[in-house]
Amino acid sequence: MSIQDKVIAIIAEQALLEPSDVTTKSTLDDLGIDSLGLVESIFAIEEEFDITVPFNANAPDQSDFDITSVAAIIAGIEKLVSEK
Amino acid sequence: MKRVVITGAGTINALGHSVSETMEAMREGRCGIGKLEMRDVDRLAIQIGGQVRGFEAEGRFNRQQMALYDRFTQFALIAAREAMAQSGLEFSGELAARCGVVLGNSGGGMTTLDDNYRTVYEDGKNRVHPFVVPKLMNNAAASHVSMEFNLKGPSFTVSTACASSNHAMAQAFQMVRYGAAPAMLTGGSESMLCFGGVKAWEGLRVMSKDACRPFSANRNGMVQGEGAGIFVFEEFEHAKARGAEILCEVAGFAMTSDASDIVMPSKRGAARAISGALTDARIDPSEVAYVNAHGTGTAANDKTECAAVADVFGPHADSLMISSTKSMHGHLIGGTGAVELLACIMALRDGIVAPTIGYDEADPECALDVVPNEAREADVQVALSNAFAFGGLNAVLALRRI
């Protein structure tokens, strides 16, 4: 499984959707993932890839991690994995 | 209904080991938050907190007591001793039979839990100290306070996360107000600043790595504190008859539940609690000069709280002062409302309003007078103390100068 497929699987599980229903263009809002769901997804991603995602729920837009779309999340994780 | 006054106060927290030290720090806008000192701190992503420093149990408690008292119980007893000494009350006979202690606490003996989980999981031991259960139970602090001061009436612990102390004090207030008890000890205590406690909070991603800056546009989360605040609530005539020094009057309270989300606060729930407390105390909103905010420094709380205050007070919201002392002592979770009540007492009795420190940048969503960075002299006749807990449980107290 690629990083993209793994991230989509994690997000789909959080959104109670099939992975095929999650596209890279989707936003978390589109998928119905709230702040608690987001924090849980990031935890699952960190566990899956053994990385630390720099994310503060108080200032999501100021964190060094872009969550504006699934594609942005995947890109951020690919970067963190490559830097590991 | 009887009038209820406060005749004793005690505390230990990151700002000081007594009420006078704490109020002095609040007047000076001093910050008690610093680098955490604890085992395995390098494994924590969040390494700051409002720790109680320079505190030794030795000398304050004997060997057997130390074996039985978790840190949150020790804090409660130290604060209770100060409050009792100030009040001059002694409990015996019929008075002792009717008076009790209601304390707020959220985590129980977290240090005890942490240490003993380490013993069995990390060190692989199969035996723990015999007092683990009586040390960690949430009611341990209230029970030991009842024993030390001979309180034989209604005593229990209230656990409503960050609103625990306010809910507890509201319970004690009702008992005195309705004549069930001539006096009650009340307040709260917490010691969640241990490795496991910080780790748990870290997981939620709402903690700041550098400072607690309530209402400031650049705020980035809460900072944990620890400690206790304990008060003697006493029936007014009872206090007057014995010539007790009265710190202020507890005039009313309200409790509400958001019934909506386990972590996100609700403006309506908060506003109902604030206006409910005013109604209960028969206070006109225009009389309120100071609100001690819940003000956690999270994005969600501070803007919701300001919106609730604006809703309840209308145009008067712009002329009242609202500050969060969590910027100085951190968030004491189940003990927080108790330590914050001291800021209300200081405002009412001494005419000094504690500041919100760490305030850098105005936030249009928190456009109230948050008493930024420096304490202020003001004539405060009525003050409110807000607490809005995870789980959507809110409790607001209304206090009056006497």
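**Exercise 1. Against which strand and helix of chain B do the buried residues of H9(B) pack?**

Solution. This is a predicted model: local features need pLDDT of at least 70, side-chain atom pairs count only at pLDDT 80 or more, and totals for chains, interfaces and linings use all residues. Residues are numbered from 1 along each chain as its sequence is written, while chains are lettered from A and ligands numbered from 1 in the order in which they are written.

Step 1. Find the helix. Helices (H or I, at least four residues) and strands (E, at least two) are DSSP runs, numbered from the N terminus. H9 of chain B covers residues 195–203.

Step 2. Pick its buried residues. A residue is buried if 20 or more other C-beta atoms lie within 10 Å of its own, exposed if 12 or fewer, and partly exposed in between; C-beta atoms are placed from the backbone. In H9(B) the buried residues are B:Phe195, B:Gly197, B:Val198 and B:Trp201.

Step 3. Find the partners. The buried residues pack against strand E3 (48–49) and helix H5 (110–122) of chain B.

Step 4. Look just past the helix. There, B:Arg205 has a positive phi of about 65 degrees.

**Exercise 2. Which strands are joined by bridges to E14(B)?**

Solution. Step 1. Check burial. Seven of the eight residues of E14(B) (residues 393–400) are buried, so the strand is largely enclosed by the rest of the structure.

Step 1. Take the first partner. Strand E8 (residues 248–257) of chain B runs antiparallel to E14(B), with eight bridges. Two strands pair if DSSP finds at least two bridges between them. B:Val250 stands opposite B:Leu399.

Step 2. Take the other partner. Strand E13 (residues 382–389) of chain B is also antiparallel to E14(B), with eight bridges. Here B:Leu384 stands opposite B:Ala398.

Step 3. Inspect the turn. E13(B) and E14(B) form a hairpin with three residues between them, and B:Gly391 in the turn has a positive phi of about 95 degrees.

**Exercise 3. Is B:Asp40 buried or exposed? Is B:Ile333 buried or exposed?**

Solution. Step 1. Take B:Asp40. Its phi is positive, about 65 degrees, although the residue is not a glycine. B:Asp40 is in the loop between strand E2 (34–35) and E3 of chain B. With 12 other C-beta atoms within 10 Å, B:Asp40 is exposed.

Step 1. Take B:Ile333. Its phi is positive too, near 50 degrees. B:Ile333 lies in the loop between helix H13 (326–329) and helix H14 (336–350) of chain B. B:Ile333 has 30 C-beta neighbours inside 10 Å, so B:Ile333 counts as buried.

Notes: Contact = placed C-beta atoms within 7 Å.
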